[in-house]
Amino acid sequence: MTAASRPCGALGEHTGPIRPYACGRRCSAHAPWALAGPPEPQPGPGWPADAWDTPSPQSASRVHDAQAIASGKRRSNPAAYRAAQAAVRKDPA
């Protein structure tokens, strides 16, 4: 059974794929945009190509948190203190 042959919950001729909407699963002929009259909305440009290449402020703040924990300026449990000291240690030894 293809997407076009499945019932969409509305009466009449069914065309196009079945998609979920707030009013239920509808085909292209019974979608809210089709009943209101405007043409089918086209997908937008999407995310920029380098959207995931830029560092987030949250990941940058972890470096400063580790430095604050390792220096003792920020309180933490002993395991987090040792991990922060290992993270900010300059020599790999």
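Three helices and two strands make up the secondary structure of this protein, and the model shown is a predicted one. Reading from the N terminus, the order of the elements is β-β-α-α-α.

**Confidence**

The average pLDDT of the protein is 75, and 70% of the residues reach a score of at least 70. Residues 1–5 have a pLDDT below 50. That stretch, residues 1–5, has six contacts in the model beyond near neighbours in sequence.

**Overall surface and contacts**

The protein has 93 residues, and 13% of them are buried. Its accessible surface amounts to about 7500 Å². Carbon and sulfur atoms account for 59% of that surface. What share of the contacts between residues at least 6 apart in sequence joins residues at least 24 apart? The share is 0%.

**The salt bridge**

The structure contains one salt bridge. Its partners are the side chains of Arg19 and Glu40, with an N to O distance of 3.3 Å. Arg19 belongs to strand E1 (residues 19–21), while Glu40 sits in the loop between H1 and helix H2 (57–71), so the pair ties together parts that are 21 residues apart in sequence. Arg19 is partly exposed, because its relative accessibility is 32%. Glu40 is also partly exposed, because its relative accessibility is 34%.

Ser28 is placed in the loop between strand E2 (24–26) and helix H1 (32–36). Is Ser28 buried or exposed? With a relative accessibility of 15%, Ser28 counts as buried. Leaving out residues up to four places away in sequence, Ser28 touches Thr15, Gly16, Pro17, Arg19, Trp33 and Ala34. One of these, Arg19, is also a partner in the salt bridge with Glu40.

Leu35 is part of helix H1. Its relative accessibility is 64%, so Leu35 counts as exposed. Apart from neighbours within four places in sequence, Leu35 is in contact with Ala29 and His30.

**Cysteines**

How many disulfides are counted in the model? The count is zero. Cys27 is buried, with 1% relative accessibility. Cys23, in turn, is partly exposed, with a relative accessible area of 46%.

**Arg89**

Arg89 follows helix H3 (78–88), in the segment after that helix. Its relative accessibility of 44% makes Arg89 partly exposed. The C-alpha atoms of Arg89 and Ala70 are 9.1 Å apart, and the two residues are separated by 19 residues along the chain.

**Accessibility at a glance**

| Residue | Relative accessibility | Class |
|---|---|---|
| Cys27 | 1% | buried |
| Ser28 | 15% | buried |
| Arg19 | 32% | partly exposed |
| Glu40 | 34% | partly exposed |
| Arg89 | 44% | partly exposed |
| Cys23 | 46% | partly exposed |
| Leu35 | 64% | exposed |

Note on methods: Residues are numbered from 1 along each chain as its sequence is written. This is a predicted model: local features need pLDDT of at least 70, side-chain atom pairs count only at pLDDT 80 or more; totals for chains, interfaces and linings use all residues. Side-chain values use heavy atoms; hydrogens and water are left out. Helices (H or I, at least four residues) and strands (E, at least two) are DSSP runs, numbered from the N terminus. Buried means under 20% relative accessible area, exposed over 50%, partly exposed in between (1.4 Å probe, protein chains only). Contact means heavy atoms within 4.5 Å. Accessible areas come from the Shrake-Rupley method with a 1.4 Å probe; for residues, only the protein chains shown count as cover. A salt bridge is a side-chain nitrogen of Lys or Arg within 4 Å of a carboxyl oxygen of Asp or Glu. A disulfide is a pair of cysteine sulfur atoms within 2.5 Å. pLDDT is the predictor's confidence in each residue, from 0 to 100.
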